[in-house]
Structure formats: C-alpha cells, structure tokens
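Here is a short briefing on one structure. Please keep the sequence and the 3D view open while reading.

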Amino acid sequence: MHPLLQETKTRMDGAFANLSQQLDGVRTGKASPALVENITALYYGAPTRIRELGSIATPEPRLITITPFDPSVAQEICKAILAANIGVTPVSDGRKIRVPIPALSEDRRKEMVKVASRMAEEARVAVRNVRRDTNDKIKKDKTLPEDERDSLLEQVQKATDEVIGKIDAAAKAKEDEVMTV
C-alpha cells in the first residue's frame, strides 16, 4: 500500500472515531457515562475531564453518579455539567454527584437528531478535506507514472466512500436510538 494512501486512511478513520466519540455524548433519554465523561471541569486551575476526576457509574437506567476522587472538586464538576448545556441538572451531597436523566420530549428528541446530523456532516466535510489534500499531493507528484496516479486517485475515492458510508450508518443508528421511546 502506498504510504500516502495509508496516511489518508488513518486520517479518515480518525475523523470517524472523533464522530463516534461525539455521538456517544448525544443524549438518548437513558443514562450513559459518555454523556458526562468528556466534559472538562477546573481542577486546581487546570481544565480536566470528569472521567479523570472521579468514577462514573449508571446504577439506574435514568441516573448517572459521579464519585470524585477528591471531594473538594464536586462543586466544580457540577458547574461544568451545568455549563455544558446538555439538558441535565446535577445534584451534589458533597461526596457524590447524582445526575438524573429526564425523559426526552418529542421536540427535544428531534433537536438531538439535528445535533447528531450536524456532527455527521462535519465529519463528512473533514473526510472530504482529507480526500482533497491527498488528491492534490498525488496530482503534484510528478514522479508517479500516470497509471499509478490514476489508480491512487481511485483508491482514495474508494476509501472516502467507505468512511462516509460508515459515518452515514453511525448517524442513522444514533437517530434511531434517539427517536426510540
């Protein structure tokens, strides 16, 4: 495999992996640690992910609990969750933070689908940008024979189509998950 093609596939897969991580944070009406684990809270002045500040659990289908390793950071975690604007309100007793997940209304579900669709479109644009960059490099490389250049361009397009197909499937799966009551 040509090194340029390998680099392209790696960058495209990175865009898909980033989308997957973002879609995990889209609320579906059931508790998931992914909803809060990547939110950053200030810990001694440094922004730190909540998953690094405490243990996250889902003891019930509609409840997330966060037990900070350092109880003094509980209020900062609560502020960060509120500031993230994900539609939940954390409750702290000083040692443990409870995040009840309310049921989603039909309008809120549609709004979440739009958010997921926007994320998927951003991932598609990122993949197309990688394709454009790679195609430019291939076309500018005068050392490549013409038939090899054409073959590489085809392989780049094939890789692009494959990753965009995965992005579409992930977006559709998230939409189905959000719309399921």
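Helices (H or I, at least four residues) and strands (E, at least two) are DSSP runs, numbered from the N terminus. By that rule, Asn135 lies in helix H4, residues 106-140. The model is predicted: local features need pLDDT of at least 70, side-chain atom pairs count only at pLDDT 80 or more, and totals for chains, interfaces and linings use all residues. Residues are numbered from 1 along each chain as its sequence is written, and side-chain values use heavy atoms, with hydrogens and water left out.

- Strands E1 (residues 40-43) and E2 (residues 46-49) run antiparallel and are joined by four bridges. Two strands pair if DSSP finds at least two bridges between them.
- Tyr43 stands opposite Ala46 in E2.
- Two residues separate E1 from E2 in this hairpin.
- Tyr44 sits in the loop between E1 and E2. Its phi is positive, about 55 degrees, although Tyr44 is not a glycine.
- Most residues other than glycine have a negative phi.
- Is Tyr44 buried or exposed? Tyr44 is exposed, with a relative accessible area of 68%. The cut-offs are under 20% for buried, over 50% for exposed and partly exposed in between (1.4 Å probe, protein chains only).

**Helix pair H4-H5**

- Two packed helices are described by the angle between their axes and the distance between the axes.
- H4 and H5 pack at an angle of about 170 degrees, and their axes are 10 Å apart. Axes are lines fitted to C-alpha atoms, for helices over the stretch in contact, and angles run from 0 to 180 degrees between N-to-C directions.
- H4 and H5 are therefore roughly antiparallel to each other. Angles under 35 degrees count as roughly parallel, over 145 as roughly antiparallel, 65 to 115 as roughly perpendicular and the rest as oblique.
- The residues of the H4-H5 contact comprise 16 nonpolar, four polar and 11 charged. Nonpolar covers Ala, Val, Leu, Ile, Met, Phe, Trp, Tyr, Cys and Pro; charged covers Asp, Glu, Lys and Arg; the others, Gly among them, are polar.

- Asn135 is buried, with a relative accessible area of 16%.
- Leaving aside residues up to four places away in sequence, Asn135 touches Leu153 and Val156. Contact means heavy atoms within 4.5 Å.

**Thr180 after H5**

- Thr180 lies in the segment after helix H5 (146-179).
- Thr180 is exposed, at a relative accessible area of 52%.
- Thr180 and Ala116 are 64 residues apart along the chain, and their C-alpha atoms are separated by 15 Å.
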